[in-house]
Amino acid sequence: MRSRSEVIRQLTDPGLIAVVRARRRNQVLPLSEALIAGGVIAIEITMTTPEAIEAIREATAFFGARALIGVGTILEADTCRKAIEAGAEFVVSPITKAEIVEAAHAADRPVMLGAYTPTEAQAAHEMGADFVKLFPADGLGASYIKALRAPLPHLKIVPTGGVDLSTVAPLIKAGCAALGVGSSLISPALLDREAWTELTELARKFVDAVAAARNS
């Protein structure tokens, strides 16, 4: 099992976290396989996915070290512990709640707490969050993140919402540690069509866009 520090390193390289809200549990394995083929190894299975805990258990057992399977939409400690017991290697929450950090760190798992304002982001950091999930990031953009990090450069910001191929470069250049990518990568239409080859191609474009932004 990877250590917390190793998972943190792999979450920032290549720096993309796929936010998975599958229609059905049986979509998770082929969907994840498509993402991995495209170079996206960090896969956040949200609790809004049907039978999410079992989906995490299956994905962790199936992919092993090939992927980082995490859990998203965690709202309290008990679900956090259940997801980790099922194999989740990182924990993501849309809210700022200390008990989630305590439960994740007790199992040596990194955690990302949700925040929107500078006060919330700093509070998440002081609670021990390894990353701050800026959510919802739609409409805030790179200029907000750059302004946020000016007085708070220690924050490891991961925006979720509003991340697409056109915003990757400015967000990375603003200092984001990684990007959470949801419907612009795994759209409802793609899920309906189960277009896994298309997903692989799109994942590769996101990976290339992050690499280009970091190297420019």
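Me: What radius of gyration would a compact globule of 216 residues have, and what does the protein have?

Reply: This is a predicted model. A compact globule with 216 residues would have a radius of gyration near 17 Å, and the protein has 16 Å, which agrees. The C-alpha trace spans about 45 × 40 × 25 Å along the principal axes. Of the 216 residues, 52% are buried.

Me: How many helices and strands does the protein have?

Reply: The protein has ten helices and eight strands. Among contacts between residues at least 6 apart in sequence, 60% join residues at least 24 apart.

Me: How do I read the side chains of a strand, and which way do those of strand 3 point?

Reply: In a regular strand, side chains alternate between the two faces of the sheet. In strand 3, L68, G70 and G72 point one way, while I69 and V71 point the other way.

Me: Are the residues of strand 3 buried or exposed?

Reply: Five of the five residues of strand 3 (residues 68–72) are buried, so strand 3 is largely enclosed by the rest of the structure.

Me: In which sense do strand 2 and strand 3 pair?

Reply: Strand 2 (residues 42–46) and strand 3 pair in the parallel sense, over five bridges.

Me: How is an aromatic pair described, and how many does the structure hold?

Reply: A pair of aromatic rings is described by the distance of the centres and the angle of the planes. The structure holds one aromatic pair. The ring centres of F62 and F63 are 4.9 Å apart and the planes lie at 85 degrees, so the pair is edge-to-face. F63 is buried, at 3% relative accessible area.

Me: Which lysines lie over rings?

Reply: K133 lies over the face of F135, 4.8 Å from the ring centre. The charged end of K156 sits over the ring of F131, 5.9 Å from its centre.

Me: What is the phi of D108, and where does D108 lie?

Reply: D108 has a positive phi of about 60 degrees although it is not a glycine. D108 is in the loop between helix 5 (98–106) and strand 5 (111–115), and is partly exposed, with a relative accessible area of 36%.

Notes. Residues are numbered from 1 along each chain as its sequence is written. This is a predicted model: local features need pLDDT of at least 70, side-chain atom pairs count only at pLDDT 80 or more; totals for chains, interfaces and linings use all residues. Side-chain values use heavy atoms; hydrogens and water are left out. Buried means under 20% relative accessible area, exposed over 50%, partly exposed in between (1.4 Å probe, protein chains only). Helices (H or I, at least four residues) and strands (E, at least two) are DSSP runs, numbered from the N terminus. Two strands pair if DSSP finds at least two bridges between them. Rings of Phe, Tyr and Trp (its six-membered ring) pair if their centres lie within 6.5 Å; planes under 30 degrees apart count as stacked, over 60 as edge-to-face and the rest as tilted. A charge sits over a ring if NZ of Lys or CZ of Arg is within 6 Å of the ring centre and within 35 degrees of the ring normal. The radius of gyration is taken over C-alpha atoms; the globule rule is 2.2 Å times the number of residues to the power 0.38. Contact means heavy atoms within 4.5 Å.
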